Amino acid sequence: MKGSDMPRYNKTFELSIHDVDLIEEAMRARGRELCRTRRALSEENPAHLESISVIEEDQRENEELLGRLHNQKTFYRPLSQPYVGG
């Protein structure tokens with residue numbers, strides 16, 4: 001296969017606000033499920049140690065993705081008066 005024949009990724013996505021909300025909701029639900037699964041495992045049981053490591057890595061990836069989604073949002077700030085966050 002030549003370089004130009006290689007498949008390329010689509011770098012432009014058209015998602016609505018609703019689509020992004022659904023993705024975030026699903027990611028939060030996944031995070032809760034990972035947390036429940038992690039709590040069910042004991043660090044004292046050597047058979048659980050590898051599973052715990054995999055779950056904790058999945059949790060980190062999940063939180064990082066949620067953070068990237070959050071950082072791409074543009075939040076409303078009034079232009080006619082000073083912005084006071086809270």
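Colleague: How many of the 86 residues of the protein chain count as buried, as a percentage?
Modeller: In this predicted model, 15% of the 86 residues count as buried, where buried means under 20% relative accessible area, exposed over 50% and partly exposed in between, with a 1.4 Å probe and protein chains only. Local features need pLDDT of at least 70 and side-chain atom pairs count only at pLDDT 80 or more, while totals for chains, interfaces and linings use all residues. Residues are numbered from 1 along each chain as its sequence is written, and side-chain values use heavy atoms, with hydrogens and water left out.

Colleague: And how many helices and strands are there?
Modeller: The protein chain has two helices and zero strands, taken as DSSP runs numbered from the N terminus, with at least four residues of H or I for a helix and at least two of E for a strand. The radius of gyration, taken over C-alpha atoms, is 20 Å, well over the 12 Å from the globule rule (2.2 Å times the number of residues to the power 0.38), so the chain is more spread out than a compact globule.

Colleague: What does the C-alpha trace span along its principal axes?
Modeller: The C-alpha trace spans about 60 × 55 × 20 Å.

Colleague: Switching to S53, where is it found?
Modeller: S53 sits in helix α2, which covers residues 49-71, and S53 is partly exposed, with a relative accessible area of 43%.

Colleague: How far apart are S53 and R38?
Modeller: They are 15 residues apart in sequence, and 9.3 Å separates S53 from R38 in space, C-alpha to C-alpha.
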